[in-house]
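Hi,

Here is the model I promised to pass on.

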Amino acid sequence: MVDIGTVEVIPPAEVEDVELYHPKSWVTKYVFCQDAKVIAIQYSITAISIGLVALVLSWFIRLQLAFPGTFSFITPSNYYQFITMHGMIMVIYLLTALFLGGFGNYLIPLMVGARDMVFPYVNMLSFWVYFLAVLVLVASFFAPGGPTGAGWTLYPPQAILAGTPGQDWGIILMLASLILFIIGFTMGGLNYVVTVLQGRTRGMTMMRLPLTVWGIFTATILALLAFPALFVASVMMLLDRVLGTSFFMPAIVQAGEHLKYGGGSPILFQHLFWFFGHPEVYIVALPAFGIVSDLISTHARKNIFGYRMMVWALVAIAVLSFIVWGHHMYISGMNPPFGFFFATSTLIIAIPTAIKVYNWVLTLWRGDIHLTVPMLFALGFIVTFVNGGITGLFLGNVIVDVPLSATMFVVAHFHMVMGIAPILVVFGGIYHWYPKITGRMWNERLGQFHFWVTFLGAYLIYFPMHYLGFIGVPRRYYELGETAFVPPSAGTLNVFITAAALIVGAAQMVFFFNLIWSLFKGKRAGGNPWRATTLEWQTPQTPPGHGNWGKELPIVYRWAYDYSVPGAEQDFLPQNQPPAKRMPVAAPS
Amino acid sequence: MNITFIFLAVVAAIVAWWLSQQRITAKPWLEAGSIVDTGASSRPAAKIGLGLFLVIVGSLFALLISAYSMRMDMGEWRPAPVPKLLWLNTGVLISSSGALQWAQIAARRGKMDGVRAGLLAGGVFALAFLAGQLWAWRQLDAAGYYLTANPAAAFFYLITGVHGLHLLGGLVALGRTMDKAWRAVTAGELRLSVELCAMYWHFLLLVWLIFFGLLLLTDPIVSDSGLVSLICRIL
Amino acid sequence: MATILALVLVLIVIGSVSFHLLSPWWLTPIASNWGYIDNTVILTFWITGFGYIAIILFMAFCVFRFRHREGRRAAYQPENNRLEWSLAIGTTVAVAALLGPGLFVWYQFVTVPKGADEIEVVGQQWQWSFRLPGRDGLLGTSDSRYISSDNPLGLNPNDPNGQDDLVIVADDLHLPLGKPVKVLLRSIDVIHDFYVPEFRAKMDLMPGLVTYFWFIPTRAGTFEVLCAAFCGVGHPEMRGSVVVENESAYQAWLQKQQTFAQLSARAKKVNLRQ
């Protein structure tokens with residue numbers, strides 16, 4: 001090992017300590033709070049609560065698909081409202097908010113060694129605007145006509161016309177909620193990025209950052225650049241709906257009546273939507289990539305294999321993700337030559353993604369693998385992500401997409417790759433950092449039970465679902481009915497999938513029980529139960545106090561992955577531990 | 001989408017430049033010990049935050065203008081003739097930006113009177129610009145190019161509206177800066193706020209000039225020259 | 001736990017592969033010339049399936065072999081450039097092997113052969129209508145402005161090419177066996193998608209545009225048309241039929257269809273009587 005640098009310990013005076021905001025009352029401490037850790041909890045609880053609504057909606061969807069016509073409360077209109085709200089909530093209000101607003105807020109300041117985010121007041125506003133967006137979304141359930149049933153892609157002209165449920169109020173509230181969400185997210189996103197850029201403590205170079213921070217950082221930049229596209233699309237559609245402009249509305253004759261619209265272009269909406277929509281996939285995936293890298297490294301007691309390649313791959317994926325959006329529009333009638341371009345760019349993005357997968361499994365090679373619950377979830381992520389990734393190679397390759405697009409194959413693909421895979425990482429991350437957040441350890445048996453049911457159950461839901469797509473079963477069908485090309489056995493398969501979905505959903509109650517029960521009855525965890533190297537485990541207090549670091553900010557001397565270093569006594573060296581042989585001040589003897 | 005691609009290329013260039021400062025080819029496991037330079041910028045966080053915010057707003061306008069030009073290419077495009085008033089408004093907005101530049105220079109030199117005069121003039125010109133834009137809207141409306149007349153008109157109202165709202169938001173920040181300026185703090189304390197205002201104003205001026213330029217290029221009265229239609233096709 | 005997990009991972013691989021090989025669910029028997037599409041699907045299966053099996057089995061091996069035991073310490077290996085680059089190159093080769101054939105077939109898909117018969121599919125909430133060019137082999141122009149109850153597809157009444165067009169509203173489409181067809185797609189309200197699983201090819205109907213795709217029907221029979229782009233509450237009920245039959249049966253069917261001129265004349269008569 002080579003030591004560099006001549007200054008052994010940087011004098012504290014070299015880095016200005018920020019002035020911290022101190023809460024003065026209960027309201028400013030727990031409600032309108034500017035501490036990123038509290039904001040993180042607020043974000044997480046809100047996101048998970050609305051996510052539970054989406055989970056229940058998915059049960060209704062599955063019940064209808066397995067037993068069509070059995071449940072009187074699932075009318076065609078309701079069904080389309082359920083699938084729309086399920087998708088929208090899961091992608092935007094749960095996953096995006098949880099990874100960036102939840103994990104980002106909690107982990108960024110701690111992992112980079114800062115006292116808080118750089119703009120705490122804006123950070124607080126970010127949460128409350130997000131909360132308002134969620135309230136508006138929930139309000140649409142109670143509005144006359146119910147929430148919009150336009151599908152989560154909200155394609156015009158259908159989304160704002162009669163014939164689609166929620167055409168009166170649902171779609172207006174949906175678009176308003178999205179606009180609010182984007183404004184709120186932008187406020188938070190500015191914080192996450194500038195804190196990583198400017199808030200790093202002494203010695204914390206970019207290449208010493210844990211991959212979790214790299215993942216959240218790149219995902220936030222993607223989001224900040226991509227969300228404006230959804231913002232523009234939402235504003236334009238809102239104007240079309242409310243004021244009668246025709247941005248996305250061509251001349252339309254509906255049910256024999258000539259509508260007053262004319263001259264707009266529905267395909268323009270699709271371009272804007274997917275210019276946001278594809279980076280959105282990576283907005284969810286990149287934080288998961290980062291977190292899973294840290295989980296695997298910590299619990300295999302081995303440095304992440306190929307750290308530099310992992311960082312470069314993240315950056316490459318982020319850049320490429322802006323030029324692949326057209327693969328969602330292969331059969332939209334866009335100019336055919338675009339198919340060549342988007343298929344090529346889409347398959348190229350598979351290469352850096354594959355490199356990340358190789359490096360995760362190579363980290364396991366000759367490791368010292370502790371199969372803790374977070375590690376189980378991380379390994380489960382690899383299985384589902386690889387599975388969902390290779391079906392992406394089907395759909396990304398333009399001609400293979402032609403028969404499979406708009407079938408259940410697509411549904412199975414994106415649930416595997418951006419539903420189940422990131423959710424497994426969310427669980428892994430929560431189990432991993434729970435002891436730091438609460439100071440207590442969860443029940444291991446319940447955690448293992450939760451893992452096995454969720455992982456195996458989810459695989460059993462989505463793996464067979466691809467084959468419904470091969471048969472040709474289209475998605476977004478309230479009821480397929482009798483058709484010649486679908487064998488009756490497919491119905492049996494649907495019943496099986498529904499049974500698995502109900503079980504997996506119910507098993508999540510075990511997770512919540514475990515979290516709440518352990519909050520009061522869990523064993524004390526100690527400051528660093530996983531013997532991890534990164535800074536968040538080195539705080540003077542657990543849970544970390546206001547300002548994170550006590551009197552002095554930590555100084556970083558090494559990268560985030562010094563596990564099992566030859567010659568070191570322990571199998572991990574915390575980032576703030578100075579190199580042993582050149583310690584200027586030895587302990588007084 | 002070409003404008004968006006140009007915009008993204010600029011962002012990519014900034015990111016590449018920044019990454020090149022971060023020693024991303026270093027092997028961090030070989031570097032145990034202290035490193036003084038973390039690669040963070042010496043500029044204040046507020047400035048970097050605003051810079052990043054302008055990139056986001058830039059993305060918003062790049063997409064709006066891209067949508068505008070994409071729709072233009074799809075045919076049946078009947079834009080309104082560009083109101084002559086917009087030339088005047090452009091001049092007013094340039095003056096507003098210039099006044100804030102003046103305030104910024106005065107703040108750096110520590111001249112409080114200059115700061116106050118610059119801020120006030122900047123604010124007044126900005127309000128005049130907004131009033132002028134509203135007047136231009138009324139002119140178009142009266143000429144039959146109302147909001148729902150056709151997509152070209154709708155795009156004009158949308159983009160000028162979004163631009164105006166951003167300027168309105170800027171006026172809130174400017175108002176707070178003026179408030180501070182009249183509460184007799186030193187020029188040094190004001191300097192950052194004034195610089196941030198100036199930066200925001202220059203950016204909105206740039207956005208306006210790009211959009212106004214595009215309007216002129218595609219003006220049905222002017223745009224019959226070969227060069228203009230060539231540029232339009234590139235955009 | 002390590003043994004169980006390793007075993008489960010192996011079982012996932014075995015289970016997935018046997019499900020693929022043994023389950024009755026696979027591509028619906030094809031009825032068009034797009035066997036190439038099926039071949040690219042199968043090729044993709046082989047290449048990606050190999051990667052999937054290799055990665056999961058490798059993981060299972062590591063989980064078992066390097067499980068934590070008392071006194072065990074992990075190896076220290078930050079990176080291995082040669083390994084990483086060769087894996088990257090190997091992946092690139094595999095990706096090229098997927099992309100090359102894929103783009104080749106896509107080229108065929110977007111290149112309509114000369115002499116393909118043009119037909120038009122018109123979608124509206126929630127039914128399929130069709131238009132055939134008639135004796136002159138040309139489809140007349142159309143515009144949604146012309147749409148009325150007498151002219152449901154919006155044909156231009158002043159276009160001579162359109163007068164002999166055969167108009168089939170909400171009824172079956174018949175196609176002759178073995179002849180290439182270029183399907184022009186038009187929607188008069190929202191986005192639809194003309195989807196016949198047996199033909200493999202499908203394409204959106206984008207209001208305001210005319211989109212297209214082409215194929216050759218290769219198997220006689222009646223095939224169900226579905227809509228594959230969500231188009232409102234009636235989306236699942238938007239069905240139709242395509243009947244592929246031999247030339248003589250097709251000609252017999254053609255004789256029975258009404259031209260646009262006939263339909264307009266009859267509509268005029270009805271209007272006069274009222």
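Chain B reads α-α-α-α-α-α-α from its N terminus, with seven helices and zero strands. Helices here are DSSP runs of H or I with at least four residues, and strands are E runs of at least two, numbered from the N terminus. Before going on, the housekeeping: this is a predicted model, so local features need pLDDT of at least 70 and side-chain atom pairs count only at pLDDT 80 or more, while totals for chains, interfaces and linings use all residues. Residues are numbered from 1 along each chain as its sequence is written, and chains are lettered from A and ligands numbered from 1 in the order in which they are written.

Back to chain B. Its C-alpha atoms fill a box of roughly 70 × 50 × 30 Å along the principal axes. Of its 235 residues, 35% are buried (20 or more other C-beta atoms within 10 Å of the residue's own; exposed is 12 or fewer, partly exposed is in between, and C-beta atoms are placed from the backbone). Take the contacts in chain B between residues at least 6 apart in sequence: 77% of them join residues at least 24 apart. Contact means that the C-beta atoms of two residues, placed from the backbone, lie within 7 Å.

Now for chain A and its neighbours. Against chain B, the contact takes 54 residues from chain A and 44 from chain B. On the chain A side, the elements that give two or more residues are α5, α6 (211-242), α7 (266-299) and α8 (307-320), and α6(A) has the largest share with eight residues. By class that side has 35 nonpolar, 13 polar and six charged residues (Ala, Val, Leu, Ile, Met, Phe, Trp, Tyr, Cys and Pro count as nonpolar, Asp, Glu, Lys and Arg as charged, and the others, Gly among them, as polar).

Against chain C, 93 residues of chain A are in contact with 82 residues of chain C. Here helix α9 (337-364) of chain A gives the largest share of the chain A side, 13 residues. That side divides into 63 nonpolar, 22 polar and eight charged residues.

One helix I checked for length is α5 (170-198) of chain A. Its 29 residues should span 42 Å at 1.5 Å a residue, and the end C-alpha atoms are 42 Å apart, which agrees (the expected span is 1.5 Å times one less than the number of residues). In α5(A), 26 of the 29 residues are buried.

Chain C is assigned domain 1 (2-67 + 80-110) and domain 2 (117-273); the bounds come from an automatic or database domain assignment. The domain centres, taken over C-alpha atoms, are 40 Å apart.

Five of them form an open, mixed sheet in the order β3-β2-β1-β5-β8, with β3 (166-169) and β8 (211-215) at the edges. Strands pair if DSSP finds at least two bridges between them. In chain C, β1 (117-124) and β5 (181-187) pair in the parallel sense over seven bridges, and Val122(C) stands opposite Arg186(C).

There is also a hairpin of β6(C) and β7(C), with six residues between the strands. Arg200(C) in the turn has a positive phi of about 70 degrees.

Cheers
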